[in-house]
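Q: Please go through this structure with me and set each label against the rule behind it.

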Amino acid sequence: MTEKESGSVLQFAPFQSAVDEGFWHRLSSLKLNKFGIDESPIPITGFYTPCTNSRVSNHLSLIAESLPPEQSEQSSVTTNVGNRNRCSVPGILYNTNTFEGFHALNKQGLLKAEAQKVWDDIHSGKAEEDCAVLSRFLLISFADLKKWSFHYWFAFPALVLDPPVTLVDLRPASQWLSLEEAESLSAACNEWRSSRVTTDVPFFLVSIASNSRTTIKHLKEWTSYQQDGNKFLFGFYDPCHLLTNPGWPLRNFLALIGSRWNLEKVCFFCYRENRGFADLSLSLIGEALLSVSQGFLEHKNNICSGWKDTQHVPNAVGWEFNRGKKVPRCISLAQSMDPKRLAISAADLNLKLMRWRALPSLNLNILSATKCLLLGAGTLGCQVARMLMAWGFRKITLLDSGKVAMSNPLRQSLYTLEDCLNGGNFKAIAAVKSLKRIFPAVEAEGVVMGIPMPGHPVPSQEEDSVLQDCRRLQVLIDSHDAIFLLTDTRESRWLPTLLCANSNKSTANRTLDQQCTVTRPGLAPIASALAVELLVGILHHPHGICAKAEFANSTDSGSTEQPLGILPHQVRGSLSQFSQMTLVGHASNSCTACCTTVVSEYQKRGMDFVLQAINHPTYLEDLTGLTELMKSASSFQLDWDNEMDDDDCIEI
């Protein structure tokens, strides 16, 4: 034994970390779906194994399963009964909401708090019952979900042994033991590692009898074990591969041995493996001296034994080095991720940020599952589709029979000049392609089809084709949850309105203008945004489609108003006056599309009724009594006051 070996300070090889991409993906999902902006500490689990390679140390690894399960996974979680490839270690995660918050964390305070837990576990006896707590770890992080980059820093809290431990001797275990002892120890370690009960227990006691027979026991059996007079080793799973240094877990193990069991001379066993079996040429056995009786610290002007005073925690070290410096690490997953997945994650982040900060009751699952049918892919149709995607709707069908004209791209946001060339592409098809370029995860479908209109007679040879379109429209309406009537004319909105009324579907944006294409450009985005807002409100209202009409400052709106605001049935406004009104209307008993008379007739006669309405211009007015009503109105004469000035007349 050299003079240096007999008097050298015992040096420990630092623990190293490795984080699987799955951990960051899982953390991102939990951040979005469970944690929100809550920065409370999160219990996590790290995993490591004894060193298995003479050239490479093993790391403390974090994987997806290191994090708590999401709510949907709670029922499927099973208790792990030992895993030789995953020796579990408890840890704590502090994930901040901002990069500034990450840097502002009291790192020394957090490290000391974890060291306090180790110290308490040693003195309470918990470390002897569950020895994995000796290797507690700490992780601080900032997850930038917009850029998919993660800043993080590990700490492996280790109690500072003061005075330091003196190394007397350190050699491969095969050189320390006799051949019989080495064979017996290998067999005992292999048995310990193959048992489901002890395979992931990282600290243990080794007793070698005079006949070379080796037994391995739990730390909690120390009291009975120390009296047998055998050769004694304190074993631990050593992740380090170096032949000159034991691994980091030994530090707190020595603190337990010195403060709990009052030993001054310790023989420790750094257990390492090769291909899953004990390798005593790679494993180490060392002898160290602990200055237990001389371990004094000055604390508040009082002299107290540093290893015996349970109230005073020794100093701690343990922040991981990054390329030789005490600085955090950063990993970016953006380059390695599928662009579609990045787009989905970014879109979800926008919505969940809104939910965290403003609308905790917002149910994003309802929105993503709602099937929306847009009848019309023009100015309003393009804007509504964009707004639906912004809110998190993912299932969109657009129906239109027209083609993209040169005048369209300026107002219709889903089209470009290329869509106008060679006679123009069909709007429904071009719109879907554009939506998927904007957001690849959208489930969009385009339907090229015209909508049969009342009062527009069709030749007898075309009746079958028209009726086929009517049936197809009925199937589309029945298979969707919300229908937007975004066509130019009232006639084209008649059949969809009738079919929606018959199927009790939610309809939005029932425009009354004759030609929406002549309106001011700013109206389409405003009207579309309001229409989608109303749909979101309907989906979140407890009464759904049957919700009572509300308007600002109404006497009863306060009792029914939802987190998204009031739910009016009509919104009218003037862009030139920058004004907006919420109105309450009542269904007309003479409506040609949705009154009881029309719906009942459709239910009785089906497509025969529709065909009659198409071929006979006055049929619907006659059926609903509007013809008689208009005759009565035209015969009504007002007896004007002769003295009234024409300038005082107001047309209603």
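This is a predicted model: local features need pLDDT of at least 70, side-chain atom pairs count only at pLDDT 80 or more; totals for chains, interfaces and linings use all residues.

Q: Where is Pro163 placed?
A: Pro163 is in the loop between E7 and strand E8 (166–172); helices (H or I, at least four residues) and strands (E, at least two) are DSSP runs, numbered from the N terminus. A cis peptide bond joins Asp162 and Pro163, with omega about 0 degrees.

Q: What makes Trp222 and Phe232 count as buried?
A: Buried means under 20% relative accessible area, exposed over 50%, and partly exposed in between (1.4 Å probe, protein chains only). Trp222 has 8% relative accessibility and therefore counts as buried. Phe232, at 16%, counts as buried too.

Q: Why is the pair of Tyr237 and Tyr271 given its angle label?
A: The ring centres of Tyr237 and Tyr271 are 5.9 Å apart and the planes are at 45 degrees, so the pair is tilted. Tyr237 belongs to strand E11 and Tyr271 to strand E12 (residues 265–271), so this pair ties together parts 34 residues apart in sequence. Tyr237 is buried, with a relative accessible area of 1%, and Tyr271 is buried at 0%.

Q: How many aromatic pairs does a search of the whole structure find?
A: The search finds 27 aromatic pairs. Ring pairs also link residues into a cluster, including Phe15, Trp24, Trp148 and Phe156.

Q: What makes the charged end of Arg251 count as sitting over the ring of Trp248?
A: The rule asks for NZ of Lys or CZ of Arg within 6 Å of the ring centre and within 35 degrees of the ring normal. The charged end of Arg251 is 4.8 Å from the centre of the Trp248 ring and sits over that ring. The charged end of Lys403 sits over the ring of Phe426, 4.9 Å from its centre.

Q: Which residues have the most contacts inside the largest nonpolar core?
A: They are Phe234, Leu254, Ile257 and Phe269, in a core of 103 residues. A nonpolar core is a set of buried Ala, Val, Leu, Ile, Met, Phe, Trp, Tyr and Cys residues joined through side-chain atoms within 4.5 Å. Strand E7 (residues 149–159) gives the largest share of this core, 8 residues. A second, separate core of 39 residues includes Ala377, Cys382, Val404 and Val432.

Q: Is Asn262 buried, partly exposed or exposed, and why?
A: Asn262 has a relative accessible area of 45%, so it is partly exposed. Phi of Asn262 is near 60 degrees, a positive value in a residue other than glycine.

Key
Residues are numbered from 1 along each chain as its sequence is written. Side-chain values use heavy atoms; hydrogens and water are left out. Rings of Phe, Tyr and Trp (its six-membered ring) pair if their centres lie within 6.5 Å; planes under 30 degrees apart count as stacked, over 60 as edge-to-face and the rest as tilted.
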